[in-house]
Amino acid sequence: MARDEVHGDIVCVIIANQSLNVLLTRYFHAMSEAEKAEWESELKALTAEALQEVSPEDEQIAATGTRKVVFTLVGDIYLFLTGTDGADELGLLEHLRSLAEVLQLMCRKSVSEAAIIANYGKVVPAMDEMFINGFVDTTNAEAVEKLVKCRE
C-alpha cells in the first residue's frame, strides 16, 4: 500500500467561532466536499447540547458510529479534533491540548477568531507539522513553532 493511502487515527481538525461558523478545517482522510459538509453538520448536531454548557478549558468527548470527537473552547473559538472509532479518547484529548497550546503560540495573544484569521499563515503550517496524513507527528508546541519559522 502506498504511503499516501495510509491514514492515522486523526480524521480532521475543525476550528469554529462561537456561532459554529467554520474558520478552518484540515481533513486528513480523503473525503468529498459533500462528505465534509455532512460530517460538519453531524458534528454540530452531536455536540450542540454540550457546547451550550462548555466553558473555557473544559474538554468534552462525543462519539458517533465511526468517529470520536474531543472538543473545547479556547478563547472565543471551538476546537474540534475528530478521530476514528479506533482512536483512544485520552490520546485525542492530549492532542487537543497540544493543539490549543500551539494555537496560543501562533496567535501570540489570546486565541480568538480575529487572531486565527490574522495568523492563518502560521496556524495552517503548524497544524500540518502536528498532523501528517492523520498521524500525530509532534505535539511539542515549541518544536512546532520552530518548524513553522523555518517555513517562513
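The following legends describe close-up views of a predicted model of a protein chain.

**Figure 1. Confidence along the predicted chain.** The mean pLDDT of the protein chain is 89. A value of 70 or more is reached by 96% of the residues. Among the elements of the chain, strand β1 has the highest confidence, with a mean of 96. Helix α5, which spans residues 141-151, has the lowest, with a mean of 85.

**Figure 2. The open sheet of five strands.** The strands are arranged in the order β2-β1-β5-β4-β3, and their pairing is antiparallel. Strands β2 (22-27) and β3 (59-64) form the edges, each pairing on one side only. On average, neighbouring strands of the sheet are turned by 15° against each other, direction ignored. Helix α2, comprising residues 89-107, packs on this sheet. The helix touches β1, β3, β4 (67-74) and β5 (77-84), and its direction makes an angle of about 35° with that of β4.

**Figure 3. Strand β1 and its two partners.** Strand β1 covers residues 10-17 and is joined to β2 by five bridges. Eight of the eight residues of β1 are buried, so the strand is largely enclosed by the rest of the structure.

**Figure 4. Strands β4 and β5 and the turn that joins them.** Eight bridges hold these antiparallel strands together in the model. One of the bridge pairs consists of V70 and L81, the latter in β5. The two strands form a hairpin with two residues between them. In the turn, G75 has a positive phi of about 60°. Strand β5 is mostly covered, as eight of its eight residues are buried.

**Figure 5. Strand β3 at the edge of the sheet.** Strand β3 is an edge strand and pairs on one side only. The pairing of β3 with β4 is antiparallel and extends over six bridges. Q60 has F71 in β4 as its bridge partner. These strands likewise form a hairpin, with two residues between them.

Figure 6. T72 lies in strand β4. Is this residue buried or exposed? The relative accessibility of T72 is 5%, and a residue under 20% is classed as buried, so T72 counts as buried. A polar atom of the T72 side chain lies 2.4 Å from the backbone oxygen of D58. Leaving aside neighbours within four places in sequence, T72 is in contact with E57, D58 and E59, with I77, Y78 and L79, and with L96.

Figure 7. The largest nonpolar core has 32 residues. Those with the most contacts inside this core are V13, I15, L79, L81, L103 and V123. At least two residues each are supplied by β1, β4, β5, α2, α3 (113-118), α4 (120-130) and α5. Helix α2 gives the most to this core, namely nine residues. A second, separate core has 17 residues, including V11, I14, W39 and L73.

**Figure 8. The contacts of I15.** I15 is one of the residues with the most contacts inside the largest core. Which residues does I15 touch, not counting those up to four places away in sequence? They are N21, V22, L23 and L24, then I77, Y78 and L79, and finally L103, V123 and M127.

**Figure 9. K109 and G75.** K109 is found in the loop between α2 and α3. With a relative accessibility of 67%, K109 counts as exposed. G75 lies in the turn between β4 and β5. K109 and G75 are 34 residues apart in sequence, and their C-alpha atoms are 10.0 Å apart in space.

Notes:
Residues numbered from 1 in each chain as written. Predicted model: local features only at pLDDT ≥ 70, side-chain atom pairs only at ≥ 80, totals over all residues. Heavy atoms only, no water. Pairing = 2+ DSSP bridges. Helix = DSSP H or I, 4+ residues; strand = E, 2+ residues; numbered from the N terminus. Axes fitted to C-alpha atoms, helices over the stretch in contact; angles between N-to-C directions. Contact = heavy atoms within 4.5 Å. pLDDT = per-residue confidence, 0-100. Buried < 20%, exposed > 50% of the residue type's maximum accessible area, 1.4 Å probe, protein only. Polar contact = N/O pair within 3.5 Å; in protein donor to acceptor, adjacent residues only side chain to side chain. Core = buried A, V, L, I, M, F, W, Y, C linked by side-chain atoms within 4.5 Å.
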